[in-house]
Structure formats: structure tokens, C-alpha cells
Amino acid sequence: MFTRFNSFLFKSTADQLIVSIGNFLIIVLGAKILSPVSYGKLSIVISSLIAFQAIKMPLLYWGSFLYLKYCDDKLDYQKNLANLSLLFDVIGSIGFFLIFFFFEIFSNTSSLLLATFFIFFHLIFDHSRLEYYTFRSSRFPLIETLAVYFFRLILVNFTSDLNEFLFILAISNIFHFPRFFSLFSFKNLRKDLYSIIKVQFSLSKHMGFSSMLSWLWNYLPIFLIGIFHDVVLSGILLS
């Protein structure tokens, strides 16, 4: 038991280090490679992604620890959680696209589409990692996470504009796709979805509210300044 816990502790710590250091280096490289305006736009995209994570993580993953005590079929719930995750990702990405299209943050549609796909793919990547913390029923996806950030940190150095940068950030998430879609089930998507959402929300709504307040305090100024005032200042604030 101790050996198994020790192994989980090492892998989860390594996972968090890879993600934290990788994200920090991406921000540094973005500031180095992109123009001030492009980096400001990237900052707003990253702030938007963090907002989705601030809602999704407590509602789905923190609440899932509590939900496991109520469900009878662990594997069935694991698939339902993947279904809920994909549903959230689709709705969130469409919402992001509509908001940024309305406020005309990007001068061309291709940048907006790439930013939307980056957020959508990264949320799938998040689920592939984070669901293991709840279920621990299969191999820890440490190699896939390492591949994502290795791919990003190498290839962004060959980019010259925001579109290329966003494309690398988006496409690098494919290393986690096989794992995620092995969990997703169309059959389970139609099975008691409403009741699962209802219970899941009731268990985790307070954690979700607290997490969202934290985002509002730390990242909402970056988001609003970028939309209504100056995207360059958003980049400075994120740095």
C-alpha cells in the first residue's frame, strides 16, 4: 500500500511540475517571440482558458471524489464524467468564440478559430490528466503530458506570429486524445445524464463558486483590460 501511494505521489508531483514549468516557459517564450499586441491577445486567451478551468475543475473533478461515494458502478461513472467533460468543453468553446467574435478581439477569423480549438483541445488534455486523480484505474498519463510540453516548447521556437503559436499549442494536445476518447461513450451520453449533472452540481457548486471568485480576483482585470482598453497591457499584467 505504501509503495503504491509513494508511486502515485511521485507521478502526481512530476505531473504538476511538468505542467507548471511548461506553462511558465510557454508564457516566457510567447513574450519573446510574439509582438506586444499578439502577446496581449494570447494573454486574454490564456485568461479565458483559466476561467474555464476554474469552473470545470471543482464542478467535475473535485465533486467527483464525493460522487464516487454515491455511485454503484465506478466504470460507468468514469465514462459519464468524460461525457460531461466533453459537453462542458463544447459549450465553453462555443461561448468563447461568440464572445471574442462579438468584441472583435482578433482581426481575422483564423486566429479566433485557432484560439477556440486551443481552448477546446486543452480542456480535453486536462480531463485526460485529472480524471486519474479520482479513479486511479489505469496508467498515469505522465508520458503523454511530457510529450505535449516537449512538443510545444520545441516547436514554438519556430513560430513567427500568433496563428502559428496558437496552432502549436492546440495540436500538441493530440497526445492525450486516444486516452480521452477511450473513456468517452455515446451510449452513456444519453443515459441518466440530467440526473448525474444535477447530483454532481449539488455536491460541488460551493467549490465551483469559490474557484470562480478566485479567477475573478486574479484574471478578470486582464480579460477586461484586453477587451475594452489595451491588449498590450493585458500581456504586461499576465507576465
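The crossing of helix 4 and helix 6 is left-handed, a crossing being called left-handed if the near helix is turned anticlockwise from the far one by less than a right angle, and right-handed if clockwise. The model is a predicted one, in which local features need pLDDT of at least 70 and side-chain atom pairs count only at pLDDT 80 or more, while totals for chains, interfaces and linings use all residues. Residues are numbered from 1 along each chain as its sequence is written, and side-chain values use heavy atoms, with hydrogens and water left out.

Helices are DSSP runs (H or I, at least four residues) numbered from the N terminus. Helix 4 (residues 109-135) packs against helix 6 at an angle of about 20°, with the axes 8 Å apart, where axes are lines fitted to C-alpha atoms over the stretch in contact and angles run from 0 to 180 degrees between N-to-C directions. The two helices, helix 4 and helix 6, are therefore roughly parallel to each other, the term applying to angles under 35 degrees, whereas those over 145 count as roughly antiparallel. In this contact (heavy atoms within 4.5 Å), Ser110, Ser111, Leu114, Ala115, Phe117, Phe118 and Phe121 of helix 4 meet Asn163, Leu166, Phe167, Leu169 and Ala170 of helix 6. By class, these residues divide into nine nonpolar, three polar and no charged, with Ala, Val, Leu, Ile, Met, Phe, Trp, Tyr, Cys and Pro taken as nonpolar, Asp, Glu, Lys and Arg as charged, and the others, Gly among them, as polar.

Helix 6 (residues 162-171) also packs with helix 5, at an angle of about 165° and with the axes 9 Å apart. Helix 5 and helix 6 are therefore roughly antiparallel to each other, and their crossing is right-handed. Phe151, Arg152 and Leu155 of helix 5 make this contact with Ile168, Leu169 and Ile171 of helix 6, a set comprising five nonpolar, no polar and one charged residues.

Helix 5 itself (residues 142-155) has 14 residues and reaches 20 Å from its first C-alpha to its last, close to the 20 Å expected at 1.5 Å a residue, the expected span being 1.5 Å times one less than the number of residues. Within helix 5, Leu142, Glu144, Thr145, Val148, Tyr149 and Arg152 are buried, that is, under 20% relative accessible area with a 1.4 Å probe and protein chains only. Threonine 145 counts as buried because its relative accessibility is 0%; when residues up to four places away in sequence are not counted, threonine 145 touches Asp15, Ile18, Val19, Phe125, Arg129 and His176.

Definitions and conventions: Buried means under 20% relative accessible area, exposed over 50%, partly exposed in between (1.4 Å probe, protein chains only). Angles under 35 degrees count as roughly parallel, over 145 as roughly antiparallel, 65 to 115 as roughly perpendicular and the rest as oblique.
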